[in-house]
Amino acid sequence: MLSRSLKSKGSLPWVRQGLPCIGRRYLADVVDVKNIPNENDKPFQVPISEKSFETYHFDPPPYYLETTKNQLKKLFQDMTTVRRMEMAADNLYKQQKIRGFCHLSTGQEAVAVGIEHAITKTDKLITAYRSHGFTLMRGGTIRSIIGELLGRQDGISYGKGGSMHMFCESFFGGNGIVGASVPLGTGIAFAQQYADRNNVTLNLYGDGAANQGQVHESFNLAKLWELPVIFGCENNQYGMGTSAERASAMTDYYKRGQYIPGLRVNGMDVLAVMAAVKHGKEYVTAGNGPLVYEYHTYRYAGHSVSDPGISYRTRDEVQSQRSNDPISNLKARMIEWGVFTEEEAKSIDKEVRQMVNKEVEAAEKMPEPEPSFDVLYQDIYVRGSEPHQRRGRTIDETIYQS
């Protein structure tokens, strides 16, 4: 434990208690919002439940969020799209059209969507292997993501990355080695600082990686150099088939930075996630150094699609967690606030379902990579940066001349 002697006079309280839960399930409040404008693009404030945050050496975010009707509808649409895309991937895997690993994020949609709506495209993000939702939010398309899962040439990584290795501008993956993305993300934050960019790096990892040495080494360097990075433990309560309580002697992952301020966020509430990341970005880009966040969430599916997810937890537990669904939570509040009606919500879901089905159908028609050496080696180097002896030459030419 961190010595009490390190707590200076006048510093913030060690912990602000919050997030009361029953069986590890956070309860979302529905609060009346007055003076909601008729215009879809006019800003107004919505409340954030006081149960949403626990802090460590850190002031909590405001317990309200300024937003618009259009943005709230987009949050709902984005989470619904991620959910439908993951359901489509699950179905394709069960049809044996997707092979290998396939890690879904059903239940965790509020984390990816809330983060994206709190940052800009010039901010950077890196995560672990449960990355489909982040890839979509960062700018990937459903077609390219599903195409990648199917191993097609027009997939986002040309069919060579699969579920765990997807990339696009300002998004550095999708990384398959547990914990290895954390030092990479720290390096990205260092590059941003070195280039004098007023941006933040979101550096995400799972609770299963939280005990690794490289994570804490990254914390140390980030604090030494006051890097513009928000480390984020996406705690879905199970690392593969092992519960957080069985794997970690201390499960308050937001306190793991010790000398770095921290925040635990209700990761089943997209508005809380969005408010927390906005607050954190302001802190970090003001030159205050790194933060350690913990997004407390839950995955409904198993570790991967091949894992039924019920050998180490009960069906009752999963069903209980589904009653705290992030999409249903937001939908209930939006109806309560008069942002949209039940019928409008159903219409959005129907449109999303049709759009996802169309994109999946297009992905299935993508060509498979040609079985040639040129295709095999074409992405070892960034295109155009190949060694001089390889530029403009085919594999066959290289073999014949060697």
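Visitor: What makes up the contacts in the protein chain with a separation of 6 or more?
Guide: Residues 24 or more positions apart account for 73% of them, where contact means heavy atoms within 4.5 Å. This is a predicted model, in which local features need pLDDT of at least 70, side-chain atom pairs count only at pLDDT 80 or more, and totals for chains, interfaces and linings use all residues. Residues are numbered from 1 along each chain as its sequence is written, and side-chain values use heavy atoms, leaving out hydrogens and water.

Visitor: Why are α4 and α11 called oblique to each other?
Guide: Helix α4 (residues 142-149) and helix α11 (residues 342-364) pack at an angle of about 45°. Angles under 35 degrees count as roughly parallel, over 145 as roughly antiparallel, 65 to 115 as roughly perpendicular and the rest as oblique. The pair is therefore oblique. Axes are lines fitted to C-alpha atoms, for helices over the stretch in contact, with angles from 0 to 180 degrees between N-to-C directions; here the axes are 8 Å apart.

Visitor: Which residues make the contact of α4 with α11?
Guide: I142, R143, I146 and G147 come from α4, and M355, V356, E359, V360, A362 and A363 from α11. They divide into 7 nonpolar, 1 polar and 2 charged. Ala, Val, Leu, Ile, Met, Phe, Trp, Tyr, Cys and Pro count as nonpolar, Asp, Glu, Lys and Arg as charged, and the others, Gly among them, as polar.

Visitor: What makes β4 and β6 a pair?
Guide: Two strands pair if DSSP finds at least two bridges between them. Strand β4 (residues 44-47) and strand β6 (residues 64-67) have 4 bridges, in the antiparallel sense. F44 stands opposite T67 in β6.

How values were computed: Buried < 20%, exposed > 50% of the residue type's maximum accessible area, 1.4 Å probe, protein only. Helix = DSSP H or I, 4+ residues; strand = E, 2+ residues; numbered from the N terminus.
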